[in-house]
Structures are given as structure tokens and as C-alpha cells.
Amino acid sequence: MKFIIQRDRLVQSVQDVMKAVTSRTTIPILTGIKITATAEGVTLTGSDSDISIESFIPKEEGGDEIVEIKQSGAIVLQAKFFSEIVKKLPTDSVEIEVLGSLQTVIRSGKSEFNLNGLDAEEYPHLPQIEENNKFHIATDLLKAMIRQTHFAVSTSETRPILTGVNWKIENGELNCIATDSHRLALRKSKIETENNANYNVVIPGKSLNELSKIIDDSNELIDIVITENQILFKAKHLLFFSRLLEGNYPDTSRLIPSESKTEVIVNTKEFLQAIDRASLLAREGRNNVVKFSTIEDRTIEISSNTPEVGKVIEEIQSQSIDGEELKISFSAKYMMDALKALEGTDIKVSFTGAMRPFVIRPLHDETILQLILPVRTY
């Protein structure tokens, strides 16, 4: 195998596939990146058997030559060393050549590295996915949907299914739901599916997080293919495979209250900053708790009290408060996560009592909601 390639394109592809490479793997060859050169261009692959990423660098694009293939072939190189080397090479072009016994030479300018390669034949094959059922979604919408839900997945392995985001597709609508049983994030959007297929799958939160880091902010469409135990995202020159979590996701629709006893409309940014300030004294240990109470004249009081540190009280004006008076306590972190995920300048918070979950929505937007369970404080 021998080719010459533009360094910046190689660096970008290496960074993308590195997102799937981990040092903690039971299959030693997966600590490497597989490099395949064919007449069409160069393909890099990284995998940790949960996530696999394949990045393709075409021979030419828009009339520019990116890769000059001198001899096709494949090799696996240690990801840790290869990625560091490529980043620090001195010139804009890189030559990679595999000599006898898998010795690989990387040349750039006056610099030359020799790396011991591994046999590409031993690298596990990526899942072969039948593409008869696919749908597509704009990349920027997909990134938004991931950003607005994935933070609410559980980080504890006691219920593995909750470490993923539930994607339900029916009647041309995609519903994304994440919950760690203390809070819930929901985002839905209309999408176009072929032959009105319905799906109900759970995608690991970690996979979605890595995916959103790699794909560009553009309105180009990304193809999504779902099979029994895998999901494939196909962007331009990029394939991203993730395994799906096994098991049934709990029915969360019962959690979301349909009526409320107190409704508050408030400016998102003011509310977020007030919670942030109140949490400054509530960060000790696990009791990251702030208290929220409505007082007359559309005023909200936000306070926090940590006996060994001190206390903070702040009042903010809301646009309106309807319904019963209310005192409630909740996690400042959960509230701030939720507020950062919502779009829009104003939000509506709907409470159904001091010990019941409450719902936060942007005003005039039914496609997104955040739900938080209060904290008991006596």
C-alpha cells in the first residue's frame, strides 16, 4: 500500500474515527485505526465494538486532487501514536507506505516515522446493513434533538436501558425521550420516512453524543438506517454505526401530567441566572437544592440555604403566575440543564403540587419539554 494525501484532510478523518477508538477494549486490534486505500480513495475505520466510525477521503473533490494512490492495500496502525504523528507532521502532504512485514513508513517533508502495523485482515468487519428501511433528517435538526435530550440519560448501570435515548418513530414523527428517573427530556419533530415504517429503539447516549461532535452544522440531510440491533447514520463521506440497547424502554407518557395547579411564565435567561447564583451556595455534597416559591404580585423567590456555608435569597419578576401558591425544592443542576436545552426567550413552568413532577416548556412550542422531579426538603 502506498499513497500521498493532504495532511489536513487526513487529520480531520483521524480525529473523527478516533471518537470510536478506546484503550479499554478486550480486542487488542481495536486500539488501532484501519486504513484502506483503493482506486477511489482512502477509508479510515475506528471501532470499540459499540460504536464504529468509517471516514472516506475521496481521490478528488471539486477538481482538487486530495489523494494520490500509488498502490492499494490496507493496514492497521496504533491509533494513539498515528493520530499524534499526523497532527505534528511538518508539511501539508503526507506519504504513507507499507513495506514488508507490515512495517509502515510515514513521510512528510524531512520527517520520517516507522510504525509497526497490524494485519488488516484481523480487523473485525463492520456490520453489513440492509438499507431497505431508511429515513432522513437535516443534520442541524438532528444535532439539536440530540443536544436537547441526551444530557438526561442515566449514568448509572443499574438500569442499562436508561443510559440510552428512546427514539420512537410513528406516523412520520420522531420522538426522542431520555430520562434518568429523576428528570426527563422530550423532543419531537416531523420527519419523512419511507413506506411509513414505525420504530421503537434505544440508542446509547454516549453514541449520540459522539455523533453530534462529528457531524457538521449544516442543513444537509443525513440518512438513518435502523435494524434489529444496529443503527447507521450516513453523512457525506462518513458512516457512523452504533449498537442499540436491548430491552424495553419504560412507558414515560404516564409521567407527564396533563393538568396543572400553578403556571408560571418567566424569562428563560433571568431565571437561569438566578438559579445559577442560588446554586453557588448549594454545591456542597449532594444537596444541590434550591427552593422556589411564588409570592404575591407576580414575584418568585429563589433561595438556597446550606447551614455550614450560608444562604442566598433572590426575587425575580415573572410575566404571570396563575393558580395556587407554591413552595417547591429541586436540583439546581437539573433545572439549569433543562433551561439550557430549551430554545426561546420565555418559558412556561407547570406545577401540580410540591411533591409532583413539574414540566418546563418554551412558550408557543409544543415540540419540546423538560420534566423534573422535586426534592423533598423538610
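# Reading rings, helices and loops in a predicted model

Ring pairs link Phe271, Phe292, Phe330, Phe351 and Phe358 into a cluster.

User: What kind of model is this, and how are residues numbered?

Analyst: This is a predicted model, in which local features need pLDDT of at least 70 and side-chain atom pairs count only at pLDDT 80 or more, while totals for chains, interfaces and linings use all residues. Residues are numbered from 1 along each chain as its sequence is written, and side-chain values use heavy atoms, with hydrogens and water left out.

User: How is a pair of aromatic rings described?

Analyst: By the distance of the centres and the angle of the planes. Rings of Phe, Tyr and Trp (its six-membered ring) pair if their centres lie within 6.5 Å; planes under 30 degrees apart are called stacked, over 60 edge-to-face, and the rest tilted. A search of the whole structure finds 8 aromatic pairs. In one of them, phenylalanine 233 and phenylalanine 240 have ring centres 6.2 Å apart and planes at 70 degrees, so this pair is edge-to-face.

User: Are phenylalanine 233 and phenylalanine 240 buried or exposed?

Analyst: Both phenylalanine 233 and phenylalanine 240 are buried. Buried means under 20% relative accessible area, exposed means over 50%, and partly exposed is in between (1.4 Å probe, protein chains only).

User: Which class does the pair of phenylalanine 292 and phenylalanine 351 fall into?

Analyst: The ring centres of phenylalanine 292 and phenylalanine 351 are 5.2 Å apart and the planes are at 40 degrees, so the pair is tilted. This pair links distant parts of the chain: phenylalanine 292 is in strand β22 (residues 289-295) and phenylalanine 351 in strand β27 (residues 346-351), 59 residues apart. Strands (E, at least two residues) and helices (H or I, at least four) are DSSP runs, numbered from the N terminus. Phenylalanine 292 has a relative accessible area of 1% and is buried; phenylalanine 351, at 1% relative accessibility, also counts as buried.

User: How are the axes and angles of helices defined?

Analyst: Axes are lines fitted to C-alpha atoms, for helices over the stretch in contact, and angles run from 0 to 180 degrees between N-to-C directions. Angles under 35 degrees count as roughly parallel, over 145 as roughly antiparallel, 65 to 115 as roughly perpendicular, and the rest as oblique. The axes of helix α1 (residues 7-18) and helix α2 (residues 79-88) come within 9 Å and cross at roughly 150 degrees. Helices α1 and α2 are therefore roughly antiparallel to each other.

User: Which hand does the crossing of α1 and α2 have?

Analyst: A crossing is left-handed if the near helix is turned anticlockwise from the far one by less than a right angle, and right-handed if clockwise. The crossing of α1 and α2 is left-handed.

User: Which residues of α1 and α2 meet?

Analyst: Contact means heavy atoms within 4.5 Å. Arg7, Leu10, Val11, Val14, Gln15 and Met18 in α1 meet Ala79, Phe82, Ser83, Val86, Lys87 and Lys88 in α2. By class, this contact of α1 with α2 has 7 nonpolar, 2 polar and 3 charged residues. Here Ala, Val, Leu, Ile, Met, Phe, Trp, Tyr, Cys and Pro count as nonpolar, Asp, Glu, Lys and Arg as charged, and the others, Gly among them, as polar.

User: At what angle do α3 and α4 cross?

Analyst: Helix α3 (residues 139-147) and helix α4 (residues 205-214) cross at roughly 140 degrees, and their axes come within 10 Å. They are therefore oblique to each other, and the crossing of α3 and α4 is left-handed. Leu142, Lys143 and Ile146 in α3 meet Leu208, Asn209, Leu211 and Ser212 in α4. The residues of this contact divide into 4 nonpolar, 2 polar and 1 charged.

User: Where is histidine 237, and what is its phi?

Analyst: Histidine 237 is in the loop between β19 (230-235) and β20 (238-243). Its phi is near 60 degrees, a positive value in a residue other than glycine. Histidine 237 is partly exposed, with a relative accessible area of 28%.

User: Where does aspartate 297 lie?

Analyst: Aspartate 297 lies in the loop between β22 and β23 (299-306). Aspartate 297 has a positive phi of about 65 degrees although it is not a glycine. With a relative accessible area of 62%, aspartate 297 is exposed.
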